[in-house]
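Trainee: Please take me through one part of this model closely. I would like to follow the charged side chains.

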Amino acid sequence: MSESTRNAGDLMPIKKIIDVTEKVFLVTIALFTVGAMAQEVMLLIEQRSVALKDLLLMFIYAEVLGMLGAFYSSHRIPITIPLVIAMTALSRLIILQGKDGDPSILLYESGAILMIAIACWVISKIQDRD
């Protein structure tokens, strides 16, 4: 057996361990996301009130599950999904700050959302070309 064949064979168990570990962590993330969403729904039922910030949080949970689903179906995560999650999280942050916040922070956060949106647009144009 040649040296290169032996080394490739030695790496296979390591790759298998990494793949299994990745899948375990992704399942754990999915379970924790579903648990967090269930807690949020129970809290909303208890409070008998739903605000926009609550809906955005649930949308973030749904996008995380969608990202995990995309990974399991294609074995890759489309870069736009985490970017959409980031835009939603920034939007939620702006809503949570309310009217009493520093206006310059609002401009920075809005600018970040705009930059992420532009990045999504550029990525979609690049993917359309391919």
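Mentor: Start with Arg 92. Setting aside neighbours within four places in sequence, Arg 92 is in contact with Lys 53, Leu 56, Leu 57 and Ile 60; contact means heavy atoms within 4.5 Å. This is a predicted model, where local features need pLDDT of at least 70, side-chain atom pairs count only at pLDDT 80 or more, and totals for chains, interfaces and linings use all residues. Residues are numbered from 1 along each chain as its sequence is written, and side-chain values use heavy atoms, with hydrogens and water left out.

Arg 92 sits in helix H3 (residues 80–97). Helices are DSSP runs (H or I, at least four residues), numbered from the N terminus. Arg 92 is buried yet has no salt bridge. Buried means under 20% relative accessible area, exposed over 50%, partly exposed in between (1.4 Å probe, protein chains only). A salt bridge needs a side-chain nitrogen of Lys or Arg within 4 Å of a carboxyl oxygen of Asp or Glu. For Arg 92, the nearest side chain of opposite charge is Asp 54, 5.2 Å away. Here Lys and Arg count as positive, Asp and Glu as negative; His and the chain ends are not counted.

Now Asp 54. Asp 54 lies in helix H2 (residues 52–74). Asp 54 is buried, at 6% relative accessible area. Its side chain meets that of Lys 53 in a salt bridge (3.5 Å, N to O). Lys 53 is partly exposed, at 32%. Beyond neighbours within four places in sequence, Asp 54 is in contact with Glu 40, Leu 44 and Ser 49.

Technical notes: Helices (H or I, at least four residues) and strands (E, at least two) are DSSP runs, numbered from the N terminus.
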